[in-house]
Structures are given as C-alpha cells and as structure tokens.
Protein chains: 4
Amino acid sequence: MIRPPRDPDFAQRVRATFARQAFMRLIGAELVTVAPGEVAIVLPIRAGLAQQHGYCHAGATWAIADTASGFAAQTLMGPEDGVLTVELKINLLAPARGERLIARGRVERAGRSLTVCRSDVVAVAGGVETPVALAVGTFMTMPGLDAAQP
Amino acid sequence: MIRPPRDPDFAQRVRATFARQAFMRLIGAELVTVAPGEVAIVLPIRAGLAQQHGYCHAGATWAIADTASGFAAQTLMGPEDGVLTVELKINLLAPARGERLIARGRVERAGRSLTVCRSDVVAVAGGVETPVALAVGTFMTMPGLDAAQP
Amino acid sequence: MIRPPRDPDFAQRVRATFARQAFMRLIGAELVTVAPGEVAIVLPIRAGLAQQHGYCHAGATWAIADTASGFAAQTLMGPEDGVLTVELKINLLAPARGERLIARGRVERAGRSLTVCRSDVVAVAGGVETPVALAVGTFMTMPGLDAAQP
Amino acid sequence: MIRPPRDPDFAQRVRATFARQAFMRLIGAELVTVAPGEVAIVLPIRAGLAQQHGYCHAGATWAIADTASGFAAQTLMGPEDGVLTVELKINLLAPARGERLIARGRVERAGRSLTVCRSDVVAVAGGVETPVALAVGTFMTMPGLDAAQP
C-alpha cells in the first residue's frame, strides 16, 4: 500500500518544510526520523506545555501527531506538492507525562489526492514507552503548492 | 439538552482552570466568554504559530477548539469535577489566516460521565468571520479531580 | 457558505441515486427531504435493526447519517458528479429507540473537491424528538462518476 | 496494554451477544474469531448491501467495524458488563467490492470505563485481501447491563 517515493530528495524536502513550521519551534518539537511513509517527531515535555493538571496539553500531542502524519504523507508526494490536513481525530489513551513524547506517523493508504495516515504517540520515562494517543487523519496532496521551495 | 450548572461559581472556576493552562499562555490564547454550556477563546494570529505556508498551524486551531469544548463541558460539572478529553476530531474548512481565531465551544449532550461538545473556529479579518474548523469531541467527567482548587 | 446548486435538477437526481442504494431498501429507510445543502432520511425502527439490548444498531444510525450527509453534499454538485464518503465520525448521544429515526444532513462547507457535512440523528416517539447521534464527515466530488445516469 | 480476560467464558458470552444482534443477521454478517482483545467478523458481499455504484454500502462496512471493535472490547470485560459505542470514526480507503469483507477489531487500550479499539476492514477477492477501511472508536463499559444473560 506504500508506493516508492516519487522524489529521491524527499527526506531533505520534509526536513526543510519542518524547519519552516514556526509552531513546531514554539513548542520545542524536533524531527528525528524521515523514511518512506514514516516520520517521527520528538517533543521534550516541559512546564510551558502543561494543562491544568500538569500534564502535556492535548493540543501539543495533537500537533506532533498531525505533523508526523502529514509529513509521512509528504514523503510519498512529488517534489512540488504541498500537503494539507483535511481532518484528524485523536484518541487520548493516557495522561501525557514523562520526559518526552514521540509521535510516529505512518501512511496507511496513499491515494491520488488523499492519503490516510496513523500516528501513535508515546510518552517516554526512564527508557519506557507508554502509549498516550492514537490518531488517524486524512491529508490532501496540493500539486504545485510547494513549488520553488529550496 | 443542557442542564443548569451545578456550580453557581462555574465561571470563576473555569477562568481559574484556564489560567493554569501554561500551554494556552504559550500560544497566546485568551478566554473571553464563559456561559452555561458555552465557552469562547480568542487566539491572536502571530508568526510564531505558523506552519510552512504562513497560516496558523492546525495544532493551535485544535488546541483552542479542544479547550473551548472541554471548558464548555466543565461549566455544567460539579465544583470538584475535573474534565478530561477522551477524543476530538477536527475538520479543517479553510486556511487559518487573519487577525485572530475565535473558538466557540458548545455542549451538545451532557451525560452522567461523558459530555459531547462541538467547537466552531473562525478566522477574523477586517470584522469578517470565516469558518476555518469544525470539531466534535467527547469529554469525561472526573469526580474529585479538581478538589481543593481555588 | 452554501453555494447555489449547479444542477437545477438536483432533487430528482438525488432521489434517483437514493433509489439505487439497495442497502437503504434493505434497512427500510426513506428519503423525505431534498433541498440545497440539506437532505433528510427517515428510518422506521423495527426489530430487524436491533442490537443486543433491543435498540436500533448503531450501524443503521451511521448509515442514514452517512447517506443524508453524502446526498446533502451531492445537491450542490454538477449533474455528472458522483459523491464518495472519505471519512465520517459519529458520536452516539442516547440509545436509538422509539418509532423512527430521522437523519438530517447539512453541508457545512462545500469546497472544490471536498465537502464537509454534519448529520443530526433524532429518535421520534409520541411526537417528541430526542437527539441520538451527531456525525461530521468529509465527502469527495468525483467528476463524471455519475455520467449517463437517468 | 491488553489485560487478561476477566471472564473465562468470554468467547461464549460474545458469541451469544452477537447472536442477539438482529442487524448483523439482516446484513448477513458472521462472527468468525473471538480471542482476548480481538474479534473478526465476515460479511459476504451481496447485491442487497449495495450503494449506487454497486459497491458495498459504507454503512455495512461501518457496522461490522463497530461490532468487531465493540466485541473485542467486551472480551476483556466482566461477565455482567455490557458494551456501548461512544463514538467511532471510519476512514474509507478503497471501494468495498469483492466476495466478502472481513472486519478485524482489536483493543488498543483498555481502561477502567473506556476502551479504545481499532478495526481494519479488508475486501477479499480471489484469495487476495485489499484494505477498504480503517476505524478507531471508543467503547464504554456498562457494569451490570448484561446481567442475567445466558
């Protein structure tokens, strides 16, 4: 169900696009893995991300799940295609607490214009990963939206 | 479908809880309306919230939709009940650009332990509101979770 | 947000398409309203639709929510366009019991290729409507898919 | 993440509950696998299940995804607990056509009152499985709802 990347430079393109996401910088997320149909993002958990009970706000969890999935979709697109989130649902499985979150996005089905992806988000503490969220979303290929990008 | 608030001090309680959400402070969101079953949050759009095309990152949109809905649910809960997001899906309708976003959360159905809410998010520019997102989510009542909160 | 119908014969086209849905016949659903951006479907509740507690199975509720939304989207499409469900989430608000269900689908945002719709499903008993489900979904316009249909 | 079944007779209980779902009989679905945290349902594709293009209606796909997930959740519940669907989103990946559909439901996270499950639905034709849908939903444990059931 995963087609080979159309763009041999997909990893460099995804990393460059991630770098243009000011919001990812604001929350402190880092892109760690870029592979065909798979992207992983790490978010160190800090006080500035908290909700009222001290856990990482679900908005930060959703944001890295969305970006990991969207870029996973983009690894399979053409060099001038942009990616747009159509919709994404997240189920929260456990409080997001620990040292960091890891969002692993994976393409489930890449169609001509729509790609369905899944993101699993875990919290890491003391080397142990605990699932905290599961998200499934739909992403649209926008031909030419990313033309003339480095 | 909306029962009267159990807690006469619901507005003060919601405002105090919002103030404890460091993430809302990080992104720059403000709580503007608290009414029985309804909460509105404003998010001035600034460069630090952007994704790669310059629009407000969908994560910021989801975060205010989630918080507006969660607090709308909490307006109807008891004075010691906490609220927890179970799941929330967002459909993105248009790019989030303009001066600010407004997320209006509303209770659709308040059950004993679960509340279903809807959030409509608009972008405001030049006095004109444009719908940018629609979200529906489920929130759980956590008895006693917020006990001993000011 | 609702554009005028492109096809002056939209109502006749939607009714003809509904008539080709054998599954709607199987469960006993009827199309009652077709208006620009709005479609209503009625499902008499009978024993053959039940789940283990005697209520109408959520699958029947989802099916009429999906069809009501999909056809609401189709009212605004061109005369040869087909409609395809991309995704749809349903929140169940109360047990589906009573004389019949009514699913009211409405277009929230009609884009070039994707339309977002909402369906509200109520159960009717003794003239009183009780909300039983809320669904939001995404539908894709398939140009030419319904060409040469009567 | 999967706890051992609380009820040694879980398989018999799930099969008996499935047998009480008249809707599953109406559409022609059969329960084929019941294991801790996993349930599979088969739906032979026939003309009575069709939508306007001849494919299996998405309502039938959602119904078996919902039932497979709900019963997967129920395998881990106590002998008198009932299961209730809170919400379920389905992403449709490809047209549902072929000889039969198989919905495989699996528990992702079993909490005290809520269980999150995933269902993968495939279409089978000539021995080849093609993914047609991915669904993630939330199910509530209803203590005592199924008391005094055989």
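How many residues does the contact take from chain A and from chain B? It takes 36 from chain A and 36 from chain B, where contact means heavy atoms within 4.5 Å.

First, the ground rules. This is a predicted model: local features need pLDDT of at least 70, side-chain atom pairs count only at pLDDT 80 or more, and totals for chains, interfaces and linings use all residues. Residues are numbered from 1 along each chain as its sequence is written, chains are lettered from A, and side-chain values use heavy atoms, with hydrogens and water left out.

Now the area. About 2,800 Å² is buried between chain A and chain B; that is the accessible area (1.4 Å probe) lost on putting the two together, summed over both. Carbon and sulfur atoms give 61% of it. In chain A, F23(A), Q52(A) and H57(A) lose the most area to chain B. Together they make 24% of what that side buries.

Next, polar links. Between the chains, 18 residue pairs are in polar contact, both at pLDDT 80 or more. A polar contact is a pair of N or O atoms within 3.5 Å; within protein, one must be able to donate a hydrogen and the other to accept it, and residues adjacent in sequence count only if both atoms are side-chain atoms.

Which element gives the most to chain A's side? β3(A) does, with nine residues. Strands here are DSSP runs of E, at least two residues, numbered from the N terminus. β3(A) pairs with β3 of chain B, residues 82-92, in the antiparallel sense over five bridges; pairing needs at least two DSSP bridges. There, L88(A) stands opposite I90(B).

How values were computed
Helix = DSSP H or I, 4+ residues; strand = E, 2+ residues; numbered from the N terminus.
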